[in-house]
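Please examine the model shown below before reading on. The paragraphs that follow proceed from the overall fold to individual residues.

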Amino acid sequence: MNLSALRKTTPAKWILAPRLIAALPLFVFGSFHLTGMSPLLEILKRASIPFPEINFYLAPIFMVVSGLSLGLGFYARIGALIGAGAMIVATYSKFVIEEWPGPMEIPLALPLVVLAGCLVVLIKGPGAWSADLKASA
């Protein structure tokens, strides 16, 4: 599979909605994690995620990049794949952590909705108003 096939998409306009529904929380919560506004290291440790000290630095960067990729529709399938991985970990964490650290606990629906948006983009592509559509034209 080459990169042009990865960026192939249709001009469907409705895909903008799930793309942005996935992009915004990924970017915002990734930024929160990067700036220390959320207790990510404690969440990773309580959920027994492997290599919490490494994931503490890498996961927020990947989330922000994924959010930007999805929001712009630039290599959006790669962004969706990264975002889906992050949301699988977030969903798992919600199930296994008994007492959530920090002042704000996200509802379980949030990572599930973001995951669904990522899956739509993975399957359909980023659609209209995306850099991928312009590149594949």
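**From the fold to single residues**

In this predicted model, the protein chain contains seven helices and zero strands. The pattern along the sequence is accordingly written α-α-α-α-α-α-α. The radius of gyration of the protein chain is 15 Å, close to the 14 Å given by the globule rule for 137 residues, so the chain is as compact as a globular protein of that length. Along its principal axes, the C-alpha trace spans about 50 × 25 × 25 Å.

Of the 137 residues of the protein chain, 41% count as buried. The chain exposes about 7700 Å², and carbon and sulfur atoms supply 73% of this area. When contacts between residues at least 6 apart in sequence are considered, 79% of them join residues at least 24 apart.

Which residues are in contact with R7, once its neighbours within four places in sequence are left aside? R7 is found in helix α1, which covers residues 3-7. Its contacts are F74, Y75, R77, A131, D132, A135 and S136. With D132, the side chain of R7 makes a polar contact, side chain to side chain, at 2.7 Å. R7 counts as buried because its relative accessibility is 12%, where the cut-off for burial is under 20%.

Y75, one of the residues in contact with R7, lies in the loop between α4 (52-72) and α5 (76-96). Its phi is near 50°, a positive value in a residue other than glycine. Most residues other than glycine have a negative phi. A second residue with a positive phi is W129, at about 55°, although W129 is not a glycine. W129 is likewise found in a loop, here between α6 (109-124) and α7 (131-136). Are these two side chains buried or exposed, or do they fall in between? Y75 has a relative accessible area of 23% and is therefore partly exposed. W129 has a relative accessible area of 52% and is therefore exposed, since the cut-off for that class is over 50%.

Apart from neighbours within four places in sequence, G71 is in contact with R19, L20 and A23. G71 can also be related to A131, one of the residues in contact with R7: G71 and A131 are 60 residues apart in sequence, and their C-alpha atoms are 9.8 Å apart in space.

I61 also has its place in helix α4. Its relative accessible area is 43%, so I61 is partly exposed. How far apart are the C-alpha atoms of I61 and G30? They are separated by 6.7 Å, although I61 and G30 are 31 residues apart along the chain.

Terms used:
Residues numbered from 1 in each chain as written. Predicted model: local features only at pLDDT ≥ 70, side-chain atom pairs only at ≥ 80, totals over all residues. Heavy atoms only, no water. Helix = DSSP H or I, 4+ residues; strand = E, 2+ residues; numbered from the N terminus. Rg over C-alpha atoms; globule rule 2.2 N^0.38 Å. Buried < 20%, exposed > 50% of the residue type's maximum accessible area, 1.4 Å probe, protein only. Contact = heavy atoms within 4.5 Å. Areas by Shrake-Rupley, 256 points an atom, 1.4 Å probe, with all protein chains shown as cover. Polar contact = N/O pair within 3.5 Å; in protein donor to acceptor, adjacent residues only side chain to side chain.
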